[in-house]
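I opened the model today to look up its packing, its cross-links and a few backbone angles. My entries follow in the order in which I made them.

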Amino acid sequence: PHAIRLEGDLTLGGLFPVHARGPAGVPCGPVKKEKGIHRLEAMLYALDRVNGDPRVLPNLTLGARILDTCSRDTYALEQALSFVRSLLPPEGGEGRCPDGSAPRRPPPERLVGVIGASASSVSIMVANVLRLFA
């Protein structure tokens with residue numbers, strides 16, 4: 001539920017601690033302005049600057065899928081797995097629509113890299129998972 005998505009030809013992932021760690025049983029707590037929101041805004045600003053200058057990436061736009069780690073390593077790992085799921089083919093084969101036609105699926109996301117997380121322990125875990133899927 002804690003995600004931002006911007007369409008683009010190439011997608012950059014972002015993992016930022018927008019929320020603090022929540023109490024027991026709740027992954028996310030209060031919003032972290034300086035260490036969470038500011039980092040998120042910095043990424044969005046950089047994407048805006050790159051996409052706004054046609055000399056930087058001619059004929060390409062950068063998109064983003066930014067996820068909240070909630071300052072929790074296990075939650076960040078779950079979020080990183082959603083990057084992996086976007087690269088895998090859909091479950092259950094092709095399937096059929098009620099009229100017998102093949103379903104229209106969006107093209108797979110072209111995730112080219114992930115920025116974050118803020119803590120080394122989280123970054124190491126996420127990097128190890130993403131490395132398996134190149």
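**Around V84 and the cores**

I began with V84, which touches V129, L130 and F133 when residues up to four places away in sequence are not counted; contact here means heavy atoms within 4.5 Å. Before going further I noted that this is a predicted model, in which local features need pLDDT of at least 70 and side-chain atom pairs count only at pLDDT 80 or more, whereas totals for chains, interfaces and linings use all residues. Residues are numbered from 1 along each chain as its sequence is written, and side-chain values use heavy atoms, with hydrogens and water left out.

I then asked which residues make up the largest nonpolar core. I found 12 residues in this core, namely L15, L67, A76, A80, F83, V84, L111, A117, V122, V126, V129 and L130. At least two residues of this core come from α2 and at least two from α3 (120-131). For the term itself I used a set of buried Ala, Val, Leu, Ile, Met, Phe, Trp, Tyr and Cys residues joined through side-chain atoms within 4.5 Å; buried means under 20% relative accessible area, exposed over 50%, and partly exposed in between, with a 1.4 Å probe and protein chains only. Helices (H or I, at least four residues) and strands (E, at least two) are DSSP runs, numbered from the N terminus.

Leaving aside neighbours within four places in sequence, I listed E7, G8, L10, L12, L47, V50, N51 and L57 as the contacts of L62. For L62 and V50 I noted a separation of 12 residues in sequence and a C-alpha to C-alpha distance of 7.7 Å.

I next asked which residues of α1 are buried. In α1 they include G36, L40, M43 and L47, and these cover an arc of only 60° around the axis, so they lie on the same side of α1; the arc is that of the directions from the helix axis to the C-beta atoms. The buried residues of α1 pack against β1 (3-6), β2 (10-16), β5 and β6 (111-116). On the face of α1 turned away from its buried side I found the exposed residues K33, E34, K35, Y45, D48, R49 and G52.

I looked for disulfides (a pair of cysteine sulfur atoms within 2.5 Å) and found 1 in the structure. C28 and C70 form it, with their sulfur atoms 1.7 Å apart. The pair links distant parts of the chain, 42 residues apart, with C28 in strand β4 (residues 28-31) and C70 in the loop between β5 (62-68) and α2 (73-87). The link of C28 and C70 is right-handed, with 70° about the S-S bond, and both C28 and C70 are buried.

T69 has its place in the loop between β5 and α2 and counts as buried because its relative accessibility is 4%. Its contacts, apart from neighbours within four places in sequence, are L15, F16, P17, Y75, A76 and A117.

S71 is also in the loop between β5 and α2, and its phi is near 55°, a positive value in a residue other than glycine. I recorded S71 as partly exposed, because its relative accessibility is 24%.

My last search was for salt bridges (a side-chain nitrogen of Lys or Arg within 4 Å of a carboxyl oxygen of Asp or Glu), and the structure holds 2. One joins the side chains of E7 and R5 at 3.2 Å, N to O; E7 counts as exposed because its relative accessibility is 62%, while R5 is partly exposed at 47%. D53 and R55 meet in a salt bridge at 3.0 Å, N to O, and R55 is exposed, with a relative accessible area of 72%.
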